[in-house]
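Have a look at it first, and then we'll go through some of its parts.

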Number of protein chains: 2
Amino acid sequence: MEKCRVCFHPEDRCIEVDKGENLLRAAMEAGVHINASCGGEGYCGKCRVIIESGEVTQKAQVKLSEEEVNQGYVLACQSTINSDLEVRVPIESQIGDKGVLARRPPIPLKGYTLSAKDWAERLPQWELNPPTTKFHLVLGKPTLEDNLSDAERIKRELSKLAGLENVVMDYPLLQALPSLIRASSFDVTVTVLDRGQELRAVRLEKGDTSQRQAAIAVDLGTTTISAQLIDLQTGKVIAEETDYNGQITYGEDIISRIIYSTRATGLAKLQSVAVNTIWNLIQQMVEKTGIEFCSITHLVVSGNTVMTHLLLGLDPRYIRVDPYIPVAQFFPWIKASNIGIRIASGVYLKCTPCVASYVGGDIVAGVLASGMFNSEKLTLYVDIGTNGEIALGNKDWLIACSCSAGPAFEGGGVRHGMRATRGAIEQVRINEVTLEPMIITIGNRRPLGICGSGLIDLLSELFLSGIVDERGKIKTDLPTPRVREGDLGGEYVIAWAEESGTGRDIYISDVDIDNLMRAKAAIFAGINVLLEEVGLDIEMVEEILIAGAFGRYLEIDKAIIIGLLPDVDVEKIKFVGNGSLLGSYLLALSKNLVVEADKIADKMTYLELSTSNRFMEQYVSALFLPHTHAEKFPTVMERLKEAREMAKLGRAGVGGGTS
Amino acid sequence: MEKCRVCFHPEDRCIEVDKGENLLRAAMEAGVHINASCGGEGYCGKCRVIIESGEVTQKAQVKLSEEEVNQGYVLACQSTINSDLEVRVPIESQIGDKGVLARRPPIPLKGYTLSAKDWAERLPQWELNPPTTKFHLVLGKPTLEDNLSDAERIKRELSKLAGLENVVMDYPLLQALPSLIRASSFDVTVTVLDRGQELRAVRLEKGDTSQRQAAIAVDLGTTTISAQLIDLQTGKVIAEETDYNGQITYGEDIISRIIYSTRATGLAKLQSVAVNTIWNLIQQMVEKTGIEFCSITHLVVSGNTVMTHLLLGLDPRYIRVDPYIPVAQFFPWIKASNIGIRIASGVYLKCTPCVASYVGGDIVAGVLASGMFNSEKLTLYVDIGTNGEIALGNKDWLIACSCSAGPAFEGGGVRHGMRATRGAIEQVRINEVTLEPMIITIGNRRPLGICGSGLIDLLSELFLSGIVDERGKIKTDLPTPRVREGDLGGEYVIAWAEESGTGRDIYISDVDIDNLMRAKAAIFAGINVLLEEVGLDIEMVEEILIAGAFGRYLEIDKAIIIGLLPDVDVEKIKFVGNGSLLGSYLLALSKNLVVEADKIADKMTYLELSTSNRFMEQYVSALFLPHTHAEKFPTVMERLKEAREMAKLGRAGVGGGTS
């Protein structure tokens, strides 16, 4: 990828970015504040900058007069970087003192995200060898001399061609066999499922369809369900869709779902609703890519223990009561049609094994995808979801716990929270002086709400800029109309009604922040109790892997500022993205890993927190920004100090002026 | 068993029989003719004899006057032998010349029937270790320290208790698991199915039900379906039922069934009808024994290839057309409910593997039960059923063929033919002089019809007594009212209307005999072509095993007289009974034999007769009594000569008088 050097003036702050990057995003990455309220759609017209040298491509100029265009003005959010640039940010866009700004050290915006090349190293077991394989067989036609039955003819060829022995014929396949095999003149494709102990022929198709094979990987979350359509020839994800889990209507967290499931037809209802969500995602992906439904040969679903139980129609009620026992931890390959997913004949489904009632297949999938079970390094894996789960260990041992974080980081329990889809505010900066926000939305649309990464950004910026105190309360007496007193306590308006995509103010309230605080406190407490349990200190952890459905970005430093993650060297922290989905994807592609997943589930020790006093103590201590024991967060305290000074100087310098 | 010596006078013919034997049957076994027309019910009153010494128990004496009783008369059919006896047969009951009768050598009435003690020797692989096993598990209740899932708790106990590893949980079992395991305070019985490659937990019950376990063995015949209910604790058959296959309405032989199956819903119809017959048999057995349906844990079904296909709903149409290809030869374990047999949850069904389109699981089961696949001896196995099948070989090789014999030996295609149930004439003698019959029915009831063994007896007696010529035609000009001209040619009345249980004459006609001739010719031809194929002579065969659903008796010498079996030393010939049912029974009890059955099906060579000219030649030659080439049947020709002489002498002696 070609790189361009972009320098912003008057700060003289320079950054190297990919050619084609958006100019507003480059400014954000460089730590240059430009007022921006509409998420990057070009609607508010606030992010005017002057291109002093170099070339950008502009999408729209509606908010610029002819005179402004002649002066070299562009909207940063509408500009794509084509070359090295010299950019001047006019006073009304940037606000602040050059000298002060220069003091802040450059901080990486986002953690390192694991990519394909990392897995090669982290997962030597991985190979493109899925649990289902298609074999194209050109069978000799039967004669009086060679009068084997249709089924044995296929088995003989599977043995000759691929060395497969003792393949069991799925019963429905036998029923379709004689007419199909003749209609295709004994030229057929057979799909064989490797169930570990048994090879099973599960589908028969006319002619050669061996080049058309796909699988579905699913992350079955309490709040969000994500699915990928994978081309099994190339191993590539060819479509991905996400939606809220339809079960939300029946309760936001797993406990309320379990309670609902104990009603007369509650379990069947929850099952069908989850199946429906998954089925819709599959339909969308199939429509989008134009592949045939019958190309899909198997599904892998990773979810927490309760979600897995509900999907399979297994009664989860004993998960809720001491001693918290699930029906099963390991799940057999079943026909997808058994649970009402009717994609094509002979499509089988596997749920990733669980460890215990509150450490499920999602974390097993994530630990698998992270490769930590192969690693010498002491690794901490944190899945920031509704059912926040944490694993610690290396190739020799693994321990895990779960701390009910709630759905806040997935946009649940937050008034203007939303999933990481188009229109979601995913990055936020707040100018310490003017308290004005700079926002970027997914897809550069006018903002509809705030997604997980946006909420983490927002809370940390509110805290750094002094809008929110260490108890998480919004100060409503500040000299900006963006703070105000609402029905639910203090509010900060991040996008005014006229700039938002909803026609209403988008704001965050004290109650929203409360939910975020509880979520981050639960996860931070979980990390600490887990470390205490094995007598280790956070400094001994060599790698911290963060998973969660945060869209493209999770700004690690922001997560530390709010005390969600411990204050460690940010180099140690890497981002796995949606670990559960990634694990499902890897399992769908490599049957070796199916075996590894079983081993991981078997090996992992479960630490029950619900009966732990230490957890409650840690949790209460963590209900502060960044933490009751501020000394645990030295870099955050330093940054806070700088920000406060900057605000003081800035306010003195510009006299509190707004753009 | 205590033995009694019974001597019949005036012939002075003595025989040793079991104490408690019926006196009429003893007479038949001794070769002493006593007129008897009502099958042994005591209704006709013809079988009067005088007990000169010894003791009998009599059931009824309705047909005897007080004077007769005082003279020592009893009805033979109503008398049970209690001690050594001297019995005088009065002239009106026995008819014949003592000198003449004495010439006939004693001939064993029935072939040796294989019994349990033979299998121990013939089937060293056999052990009482069924494919499904129940395990009673008293599980430790879960605690926070021991918080395995319900499923893993069961698997751990199965491993501890029985060394079973990697047991897969059947999906419906998982669904029932949590409530059931708690309702029974973690004291449960788990049924595990060994599918060869995989152990699968298929059922869960409260408490200890391990002592209550049963299986169903089925012989799925074209004409007749037989089933046994087996106590898996003891290995004993606790009930047995037989009925006509309901599919008969849709065609008498497999070809017409195949044709019916190609109609719109024909296959589904035939499947449901067969399932219905099986289900009725199961219900009858369960009602009779009072066991619970849920004690039944698996079924084994042996049938010919077409019957197996129809039961499983597999399209059999290509079996009918060159090159005669079945859908499958090996069949997976399937849930019985998949084909509509709903006994209880988790009941699995296995069909015995087939060799080819016309050598099915019935013969594989029979060959298994016979133990010939273990034997050094060259063995011929003949299954006399609608789809007559013949196997030849030993432990080193096996070859088999099928010769469509038709249903005559099962009572089909014969006006008064019937299955071997109560009221069926199973043994017949015809006095050469008077041409009067002596008959015994199953259950000693008035006759309702004639079963397979009765038909073989009858045809041979008709032939020996000169009523039927070597072309199988009844001579209607004989001096007895029992022969007559009917709508369908000659007829011989074996029971008059007033003595029968139907209120109508029971007779056999030329057309009936034609069907019997075709059936016996097909089997005899099959035996010869098979021997020719491997270049062996019948004299080299060391053992001939006869299978078929003939009730208790098949009189081997009679089968030789009509040319159904070759004229060899009768010591070589043994009777297996219903080999297919016996094989199903053994497979239901011993999973080792399931493996052996697969090996047998795999190893057996199939010889296709439908395209063989040699078969047609042999068949035509065999359409005579005993055969066109009479020299192949020296002992039969000798016996015929004796019978003719006896008839001449007898007729001269008593002047053709009738009783």
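Let's start where the two chains meet: chain A puts 37 residues into the contact and chain B puts in 38. Two residues are in contact if their C-beta atoms, placed from the backbone, lie within 7 Å. Keep in mind that this is a predicted model, where local features need pLDDT of at least 70, side-chain atom pairs count only at pLDDT 80 or more, and totals for chains, interfaces and linings use all residues. Residues are numbered from 1 along each chain as its sequence is written, while chains are lettered from A and ligands numbered from 1 in the order in which they are written.

On the side of chain A that touches chain B, the elements giving two or more residues are α6 (150-162), β10 (168-169) and α7 (171-183) of chain A. Helices (H or I, at least four residues) and strands (E, at least two) are DSSP runs, numbered from the N terminus. The top contributor on that side is α7(A), with six residues. Sorted by class, this side of chain A has 20 nonpolar, 11 polar and six charged residues. Here Ala, Val, Leu, Ile, Met, Phe, Trp, Tyr, Cys and Pro count as nonpolar, Asp, Glu, Lys and Arg as charged, and the others, Gly among them, as polar.

| Domain of chain A | Residues |
|---|---|
| domain 1 | 3-94 |
| domain 2 | 132-206 |
| domain 3 | 214-354 |

The C-alpha centres of domain 1 and domain 2 of chain A are 62 Å apart.

Next up is helix α13 (residues 510-533) of chain A. α13(A) is mostly covered, with 18 of its 24 residues buried. A residue is buried if 20 or more other C-beta atoms (placed from the backbone) lie within 10 Å of its own, exposed if 12 or fewer, and partly exposed in between. After α13(A) comes Gly535(A), with a positive phi near 70°.

Finally, find Thr289(A) in helix α9 (residues 266-289) of chain A. Thr289(A) is partly exposed because 14 other C-beta atoms lie within 10 Å. Leaving aside neighbours within four places in sequence, Thr289(A) is in contact with Leu229(A), Ile238(A) and Ala239(A). Leu229(A) is 60 residues away along the chain, yet its C-alpha atom and that of Thr289(A) are separated by 9.0 Å.

How values were computed. Domains from an automatic or database assignment.
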